[in-house]
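Visitor: Can you walk me through this model? I'd like the quick version.

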Amino acid sequence: MVNVVTKGSPAECRSFAQETCLQDLIIAAHGLHKTYDTGSVQVHALRGVNLEVARGEMVAIMGPSGCGKTTLLNCLSGLDEIDEGQVVIDGVVLHQLADDQRSDYRARRMGFVFQLYNLLPVLSAVENVEMPLLVSGVGAREARRRSMEMLDLVGLTDRARHAPGELSGGERQRVTIARALVNQPGIVWADEPTGDLDSETAGGIIDLMCDLNRTNGQTFVLVTHSDEVGKRAHRIVRMRDGEIVDDGNGPDNPQPSTTITSASSES
Ligand code: ADP
Ligand code: MG
């Protein structure tokens with residue numbers, strides 16, 4: 001359904017953003033290179049990555065530790081700069097935006113379930129969830145209402161006023177998911193969202209993400225080490241040494257029977 005992009009000339013690059021609008025691609029990344037320069041060593045973490053994701057898809061990115069999965073998520077979501085290439089999110093060329101515009105775009109259109117994005121320990125669950133809404137300028141009362149609705153959806157109504165330290169690992173990750181989704185973002189990025197959880201709790205979290213993907217049509221891009229989690233995605237993208245070695249669209253990877261739902265209202 002989604003083809004690998006192998007374009008190169010400047011003219012082709014220019015038309016790339018327009019093309020992604022014509023196909024229903026929410027993510028179109030072309031020729032991404034990223035090198036970390038630590039002074040003593042240079043790590044070429046992304047070596048010409050091309051990736052397209054259709055609206056409403058749930059994509060799992062898998063590969064050995066250090067192959068560039070987190071770097072790819074950071075570069076696709078605009079959290080990190082790229083050295084070369086282009087990322088188009090829903091028709092917007094991300095790295096052409098000024099820093100504050102990009103932050104604003106992220107806050108309004110993207111949700112993050114990263115282990116680094118920890119919950120604020122001094123705030124209650126509901127206060128953590130409403131943060132992105134308050135940052136986006138939603139009024140306090142409306143923010144509280146929508147956050148309580150979201151906590152209800154992840155099954156945590158009765159934990160709303162608990163601080164993160166009073167919650168189990170699985171409950172905390174549910175709060176993180178509620179916070180990532182409260183803005184109804186078009187795209188949710190998740191970096192090893194079940195990494196620290198026992199298999200039963202992890203299963204519950206992935207069930208929740210699949211439900212949300214189906215019901216709301218939100219696009220999920222998640223990094224995982226778990227074959228169980230990978231199997232639940234529509235497609236597995238495999239990375240090695242900074243490259244995508246299998247984008248999951250080849251003949252050996254038939255599309256699963258799961259239907260991709262239509263877009264959410266916000267995307
Ligand atoms: P993964 O998420 O697949 O484990 P990463 O994207 O975190 O891999 O890292 C890819 C490579 O880039 C690794 O070799 C890692 O050591 C290196 N790397 C990641 N972040 C940095 C950084 N901030 N500075 C220097 N090197 C980095
Ligand atoms: Mg990582």
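Guide: What follows is a short tour, from overall make-up to single residues.

Guide: This is a predicted model: local features need pLDDT of at least 70, side-chain atom pairs count only at pLDDT 80 or more, and totals for chains, interfaces and linings use all residues. Residues are numbered from 1 along each chain as its sequence is written, while chains are lettered from A and ligands numbered from 1 in the order in which they are written.

Visitor: How many helices and strands does the protein chain have?

Guide: The protein chain has 8 helices and 10 strands. Helices (H or I, at least four residues) and strands (E, at least two) are DSSP runs, numbered from the N terminus.

Visitor: What share of the residues is buried?

Guide: Of the 267 residues in the protein chain, 42% are buried. Buried means 20 or more other C-beta atoms within 10 Å of the residue's own; exposed means 12 or fewer, and partly exposed is in between, with C-beta atoms placed from the backbone.

Visitor: And the ligand. Which residues are around ligand 1?

Guide: The shell includes Tyr-36, Thr-38, Val-43 and Ala-45. Also among them are Gly-66, Cys-67, Gly-68, Lys-69 and Thr-70. The cut-off is a C-beta atom, placed from the backbone, within 6 Å of the molecule.

Visitor: Which element gives the most to that shell?

Guide: Helix 2, with 3 residues. Strand 2 (42–54) and helix 2 (69–76) are the elements that give two or more.

Visitor: What is the shell's make-up by class?

Guide: It has 4 nonpolar, 7 polar and 1 charged residues. Ala, Val, Leu, Ile, Met, Phe, Trp, Tyr, Cys and Pro count as nonpolar, Asp, Glu, Lys and Arg as charged, and the others, Gly among them, as polar.

Visitor: Switching to the core. Which residues have the most contacts inside the largest nonpolar core?

Guide: Ile-27, Ile-61, Ala-178 and Val-221, in a core of 64 residues. Strand 1 (residues 25–37) gives the most to this core, with 6 residues. Such a core is a set of buried Ala, Val, Leu, Ile, Met, Phe, Trp, Tyr and Cys residues joined through C-beta atoms within 7 Å.

Visitor: What does Ala-178 touch?

Guide: Val-129, Met-150, Leu-151 and Val-154, not counting residues up to four places away in sequence. A contact means C-beta atoms, placed from the backbone, within 7 Å.

Visitor: Where does Val-221 point from strand 8?

Guide: Thr-219, Val-221 and Val-223 point one way, Phe-220 and Leu-222 the other. In strand 8 (residues 219–223), 5 of 5 residues are buried.

Visitor: What about its pairing? Is strand 3 parallel or antiparallel to strand 8?

Guide: Strand 3 (residues 58–62) and strand 8 run parallel, joined by 4 bridges. Pairing takes at least two DSSP bridges between the strands. Val-59 has Val-221 as its bridge partner. Strand 7 (residues 187–191) is also parallel to strand 8, over 5 bridges. There, Val-188 stands opposite Phe-220.

Visitor: Which strands form the open sheet of 4 strands?

Guide: The order is 2-1-4-5, with antiparallel pairing. Strand 2 and strand 5 (92–93) stand at the edges with a single partner strand each, so one side of each is left without a neighbour in the sheet. Strand 4 (residues 84–89) pairs with strand 5 over 2 bridges, and Val-88 stands opposite Val-93.

Visitor: Last one. Why does Leu-134 count as partly exposed?

Guide: Because Leu-134 has 15 other C-beta atoms within 10 Å. Leu-134 lies in helix 4 (residues 125–135).

Technical notes. Two residues are in contact if their C-beta atoms, placed from the backbone, lie within 7 Å.
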